[in-house]
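Subject: Structure handover

Hello,

Here is the structure I promised to pass on. Please open it first, then read the notes below alongside it.

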Amino acid sequence: MTYDKLLASNEDQGTESIRLPNGLANSEKQTTFLHKRNHSRNLSTSSLKFKNTLKKKSIQHELYESPSRLQVFYTHLCYTILEVFGHIREFMRKWGLEQRKGAVDNNTEDFAPLFNSYESFHTRNVYVRNRDCFNRPICSVPGAEIELVERKSDDYNWTFYYTGEKIKVLNMGSYNYLGFAENNGPSSRCAIKSIEDFGVSSCSSRQELGTLRCHLELEELLARFIGVEAALVTGMGFATNALSIPAVIEKDCLILSDELNHVSLILGARLSGATIRVFKHNNVQDLESKLKKAIIDGHPLTRRPWKKIFIIVEGVYSMEGTITPLPEIIALKKKYKAYLYLDEAHSIGAVGPTGRGVVEHYGCDPRDVDVLMGTFSKSFGAAGGYVAGPQNLINHLKNSSHSHCYATSMSAPVCMQTKKTLEIIMGLDGTKEGQRRIKQLAENTRYFRDKLKKMGFVVYGNSGSPIVPAMLYMPPKVAFFNRLMLERKIAVVTVGFPATPLAGGRVRFCLSAAHTREMLDRALQAIDECGHLNGIKISKLNPPRTFQQVLEMENLQKNNSKFHK
Amino acid sequence: MLDLIPDYVKNAPFYHLVVEAFLLVWILWLIFRKSYSPPEKNKLTEKDKKELLEEWTPEPLVPNYDFRESIVKPRVVDGPVAKYAIVDGVKSLNVASFNFLNMVGNQKISEMAIKSIQKYGVGSCGPRGFYGTIDVHLELEQRLAKYFNVEEGIIYSYGFSTIASAIPAYSKRGDIIFADEGVHFAIQKGIVASRSDVRYFKHNDIEDLERLLKEQEDADKKNPKKAKVTRKFLVIEGLYMNYGDLCPLPKMVELKYKYKYRIFLDESVSFATIGKTGRGITEYYNVPREKIDLISGSMEMSLGSVGGFCVGSSYVVQHQVLSGQGYCFSASLPPLLAVSAIEALNIIEEKQDEIFPELERKCKIMHQKLKALNNYTVSGIDISPIKHVRLSFENTLDRLEKIVDYAQSKAISLTVARYLKEEKFSSKPSIRISVNYDLTEAEIQQIVDVLDQAVN
């Protein structure tokens with residue numbers, strides 16, 4: 001039996017070599033250890049970690065392949081070369097052998113330097129080299145296909161000029177999960193009408209004179225959608241976290257925050273003044289042990305018991321594509337009487353059979369989560385954020401949230417766009433459009449991930465998340481892959497250090513319900529070529545294959561299964 | 001076998017051998033015995049731990065207190081919050097929102113915003129780094145930089161986050177910030193987020209600032225090496241939102257070169273309201289803008305849009321592209337709001353010769369009339385578009401709210417200035433009136449009359 005057929009047959013069953021965490025029984029499918037049976041490839045369990053999160057019907061697993069030692073070595077070698085050359089260039093610039101580029105301080109020398117010397121070293125010698133991959137301006141609606149404004153550089157990315165041309169590309173980088181970023185749908189018509197009704201902005205905060213009728217309508221609808229008592233909307237998603245967390249959490253509280261939480265959550269936690277402890281990403285055992293220790297030991301200095309303990313997690317993590325193990329965390333929080341703050345920025349609308357987020361994905365009760373938060377800029381094609389929960393929490397936030405008191409209220413067209421989109425998703429507009437989009441997104445996710453894995457890329461994340469990161473590891477590949485994809489007219493997002501760990505350079509694909517099968521095939525073909533040129537088809541789970549080979553293999557399987565019937 | 005024993009052992013005296021053997025045995029015993037650990041005095045048993053875990057009860061999620069009715073159920077506006085707004089079903093004259101140049105509900109701006117939705121949709125669906133940069137953002141940044149006649153500008157998607165992200169981008173742990181006590185909440189949050197050493201000086205009190213600067217200078221002399229790398233910043237507002245008065249900018253710029261600090265000027269209120277052509281407090285005092293390191297402002301007041309901006313020299317502003325948290329990690333400004341701001345700038349630049357003198361005139365009239373009232377005190381400078389009005393006797397929040405309710409019943413929308421209890425230095429309660437340049441003198445008289453009647 002060849003390796004391919006074995007893998008195919010096991011993939012049909014949905015089992016691969018798994019090490020189940022304690023407490024999760026899996027009576028139907030026993031662990032099968034692939035590497036004990038067929039030895040054409042050496043799979044060591046130490047380099048493969050799988051976590052199974054039990055869902056009602058099927059098992060969804062999360063992939064995490066740690067990089068091989070050779071990859072880590074090469075990555076460090078790349079950084080060393082960059083540093084050496086950086087120092088040489090700095091030396092040459094200092095002694096006038098090379099022209100100093102970039103702006104200079106217009107204050108005199110005896111002022112303390114404004115920037116940290118290492119930070120600016122990194123900016124001048126590492127970031128500028130691949131600056132053309134970031135901040136690319138667009139001039140169209142950020143839908144499935146966008147138009148980039150062409151910009152070129154004559155001096156290796158120090159300065160840019162615009163040629164005046166536009167490039168039409170396939171968009172795999174925008175957070176447009178349900179495809180609502182459109183300029184001619186029912187939502188945008190609603191937004192246009194609201195400009196005529198309410199103007200563009202209210203210029204006042206919610207507590208003063210900024211509460212518009214549409215805000216209240218949106219909040220009511222949102223609370224119905226999520227299944228809680230009340231909700232509160234803010235004009236910016238980042239600010240929702242940064243300014244609502246300090247209203248709920250005070251100084252003598254403890255925050256247990258996931259390792260990979262978003263910057264806005266970290267900022268909110270810091271502004272609240274509480275003690276912050278970090279637990280390993282999605283690791284429920286680590287969280288439990290830290291919880292126990294916190295309750296037993298109390299505050300480290302005063303030894304008094306904590307006033308409140310909060311667990312802050314996200315629904316879908318945007319850099320990893322993983323989903324938080326919500327049922328276990330809810331069980332823990334109930335056992336130890338902690339409070340749970342769930343940030344569903346990327347998961348509301350995109351995950352779950354009717355788009356109600358991670359809570360629905362796992363079949364949990366939204367009232368078990370104490371504070372639900374989310375944003376409208378991803379699945380709803382608008383801007384802003386919300387906090388939802390019991391009525392007394394929302395009343396308290398109205399009184400003491402910083403954004404409610406000081407910041408301008410949400411702009412009316414943005415509010416109406418969100419409201420109309422929400423109605424479409426809930427099916428209240430009388431069509432099945434919302435359901436269709438959610439199904440399309442799930443279908444696209446499944447298809448894309450499957451093909452990518454089979455081609456041999458190292459793919460991270462949960463199989464249900466529409467964010468698909470594939471690893472590149474090395475910094476030059478971060479730029480090279482991006483540029484090659486742009487030549488093939490596909491816009492992708494590649495990230496490296498410091499947004500990711502040092503050896504964690506990756507390309508992150510964001511799928512959308514607006515992507516058709518042809519678009520995905522075109523993208524996969526281009527990814528196949530670029531991946532081959534970059535040498536990143538190095539997964540231990542699948543041998544490197546081309547896209548055509550993957551399609552042929554699947555055809556073969558289909559024919560075989562028809563034959564067996 | 002006895003030949004194997006070397007000579008020096010055979011010839012050694014007996015007691016020597018005994019001592020050596022004893023030492024050897026003792027060393028072996030020391031090496032191989034179990035290490036000494038003092039018994040843990042307060043070691044908790046499993047039972048104790050379990051009891052602690054069960055006993056611990058957290059405080060309730062939300063503290064139990066009486067929520068202010070006026071905040072939990074605020075007034076609702078049906079329609080644009082323009083000069084006349086339909087508040088709770090009644091068409092009222094609005095002097096509560098920051099609508100200084102009457103841009104809310106402007107026809108041209110609405111048209112441009114609608115065109116923008118038809119081209120770009122509503123949201124931008126991504127942060128600035130990942131395909132969220134739309135050409136209108138770049139255009140707006142250039143226009144703002146040109147308006148202030150500086151090198152570069154950068155925009156944020158929310159006014160609050162602008163200064164709250166700009167300060168921590170430059171000032172880190174170990175740096176020193178000198179800030180005025182009267183700075184508004186967003187600046188205070190930015191200072192807390194930066195984790196720097198903050199020294200507050202009394203509001204607009206130059207002597208107090210000099211005292212603090214001299215203290216720091218003395219401390220620096222003791223540790224010159226550290227002082228060389230410690231950055232110092234002065235954070236001030238052009239026109240203070242909580243007081244309505246201007247900051248003494250020329251003296252502060254003079255002190256800048258004496259004590260070597262950098263100035264961050266927040267012009268949220270003074271942008272497009274103060275100065276002959278609305279270029280802010282630097283125009284009013286005739287201070288060259290190169291001397292100010294960073295000017296930040298808000299598009300949510302005079303421009304009638306949403307968002308904020310920072311302008312200054314390229315050297316300073318470019319840094320925020322990578323380290324401004326509200327810039328890098330947040331979805332960018334919806335394009336329709338950027339287009340509204342550009343259109344508002346167009347209107348301002350076209351009519352600047354009539355708008356600003358008119359606004360100044362109206363502010364002065366309002367100030368005069370409010371000053372003439374018996375039971376009230378007005379704080380702030382007469383050209384400020386923000387007036388804080390307080391009762392001369394018994395100035396409490398409850399009484400002011402009653403006055404606001406009475407005014408609302410007479411179709412005039414006022415507001416109490418809202419603060420949170422986390423404010424570092426709380427101001428006395430007040431009613432904040434925002435002057436709209438389009439108010440007629442009759443309307444100003446109406447407002448003043450209602451305030452007068454309300455006291456009775």
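One definition before the annotations: UniProt positions follow the numbering used here, feature names are shortened, and an annotation may be inferred rather than shown by experiment. Please also keep in mind that this is a predicted model.

**Annotated regions**

For chain A, UniProt places "domain: Aminotransferase class I/classII large" at residues 168-527, from an unreviewed entry. That span is 43% helix and 17% strand. Its end C-alpha atoms lie 18 Å apart.

For chain B, UniProt gives the feature "domain: Aminotransferase class I/classII large" at residues 103-450, again from an unreviewed entry. Here the chain is 46% helix and 16% strand. The end C-alpha atoms of this span are 26 Å apart.

Chain B has another record. UniProt lists residues 12-32 of chain B as "transmembrane region", in an unreviewed entry. In the model, residues 12-32 of chain B are 90% helix and 0% strand. The end C-alpha atoms there are 29 Å apart.

**Chain A overall**

Chain A has 565 residues, and 60% of them count as buried. It holds 18 helices and 17 strands. Take the contacts in chain A with a separation of 6 or more: 70% of them join residues 24 or more positions apart.

**Strand β9 of chain A**

How many of the residues of strand β9 (residues 309-314) of chain A are buried? The count is 6 of the 6, so the strand is largely enclosed by the rest of the structure. I309(A), I311(A) and V313(A) point one way from β9(A). F310(A), I312(A) and E314(A) point the other way, and these are buried too.

β9(A) has parallel partners. Strand β7 (residues 254-258) of chain A is joined to β9(A) by 4 bridges, and the two run parallel. I255(A) has F310(A) as its bridge partner in β9(A). Strand β10 (residues 339-343) of chain A also pairs with β9(A) in the parallel sense, over 5 bridges. There, F310(A) has Y339(A) as its bridge partner in β10(A). Between β9(A) and β10(A) the chain crosses through helix α10 (residues 326-336) of chain A, in a right-handed β-α-β crossover.

**Strand β7 of chain B**

Now chain B. Strand β7 (residues 232-237) of chain B has 6 of its 6 residues buried, so it is largely enclosed by the rest of the structure. K232(B), L234(B) and I236(B) point one way from β7(B). F233(B), V235(B) and E237(B) point the other way.

Which strands pair with β7(B)? Strand β5 (residues 176-180) of chain B does, in the parallel sense, over 4 bridges. A179(B) has V235(B) as its bridge partner in β7(B). Strand β8 (residues 262-266) of chain B also runs parallel to β7(B), with 5 bridges between them. One of the residue pairs is E237(B) with D266(B), its bridge partner in β8(B). β7(B), helix α11 (residues 249-259) of chain B and β8(B) form a right-handed β-α-β unit.

**The nonpolar cores**

The largest nonpolar core has 267 residues. Among those with the most contacts inside it are I309(A) and I236(B), each named above as part of a strand. F448(A), L452(A), F481(A), F509(A) and L414(B) are also on that list. Helix α16 (residues 335-350) of chain B gives the most to this core, with 10 residues. A second, separate core has 23 residues, including I245(A), I255(A), A269(A) and M373(A).

Leaving out residues up to four places away in sequence, L452(A) touches F457(A), V459(A), V468(A), F509(A), L524(A) and I527(A).

**One residue to look at: I295(B)**

I295(B) sits in strand β9 (residues 294-298) of chain B. Buried or exposed? I295(B) has a relative accessible area of 2%, and buried means under 20%, so I295(B) is buried. Beyond four places in sequence, the residues I295(B) touches are F148(B), L265(B), E267(B), R289(B), F309(B), C310(B) and V311(B). I295(B) and D175(B) are 120 residues apart in sequence and 20 Å apart in space, C-alpha to C-alpha.

Best wishes

How values were computed: Residues numbered from 1 in each chain as written. Chains lettered and ligands numbered in written order. Predicted model: local features only at pLDDT ≥ 70, side-chain atom pairs only at ≥ 80, totals over all residues. Heavy atoms only, no water. Core = buried A, V, L, I, M, F, W, Y, C linked by side-chain atoms within 4.5 Å. Buried < 20%, exposed > 50% of the residue type's maximum accessible area, 1.4 Å probe, protein only. Contact = heavy atoms within 4.5 Å. Pairing = 2+ DSSP bridges. Right-handed = clockwise from strand over helix to strand, strands pointing away.
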